Amino acid sequence: FKDKPVGQDLVVFGEVGLGGEIRSVPYTKKRLKEAEHLGMKRAILSASKIPKNTTLKTITVSEIQSLIAKT
């Protein structure tokens, strides 16, 4: 959106609704575990799925506008 690189250690997943809300997707734990295995350090995901037992630095968002504001 702001034409800035986000780095190669970031994984982002979720579903963006028509109103800009960020929805969770299935298999959050499995996705995070695989991201860790691939060497990722940070993750952006839906606020409704707050992860536990992960070494990734997580950033949770509930709508796309809040994600844009954080960057």
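Modeller: The side chain of Ser 46 makes a polar contact with the side chain of Ser 48 at 2.8 Å; a polar contact is a pair of N or O atoms within 3.5 Å, where within protein one must be able to donate a hydrogen and the other to accept it, and residues adjacent in sequence count only if both atoms are side-chain atoms. This is a predicted model, in which local features need pLDDT of at least 70 and side-chain atom pairs count only at pLDDT 80 or more, while totals for chains, interfaces and linings use all residues. Residues are numbered from 1 along each chain as its sequence is written, and side-chain values use heavy atoms, with hydrogens and water left out.

The side chain of Ser 46 also reaches the backbone oxygen of Ile 22, at 3.4 Å. Leaving aside neighbours within four places in sequence, Ser 46 is in contact (heavy atoms within 4.5 Å) with Phe 13, Ile 22, Arg 23, Ser 24, Thr 60 and Val 61. Ser 46 counts as buried because its relative accessibility is 2%; buried means under 20% relative accessible area, with a 1.4 Å probe and protein chains only. Of the 71 residues in the protein chain, 25% are buried.

Ser 46 belongs to strand 4, residues 42-46. Strands (E, at least two residues) and helices (H or I, at least four) are DSSP runs, numbered from the N terminus. The protein chain has 5 strands and 2 helices, in the order β-β-β-α-β-β-α from the N terminus. Its C-alpha atoms fill a box of roughly 30 × 25 × 15 Å along the principal axes.

Technical notes: Buried means under 20% relative accessible area, exposed over 50%, partly exposed in between (1.4 Å probe, protein chains only).
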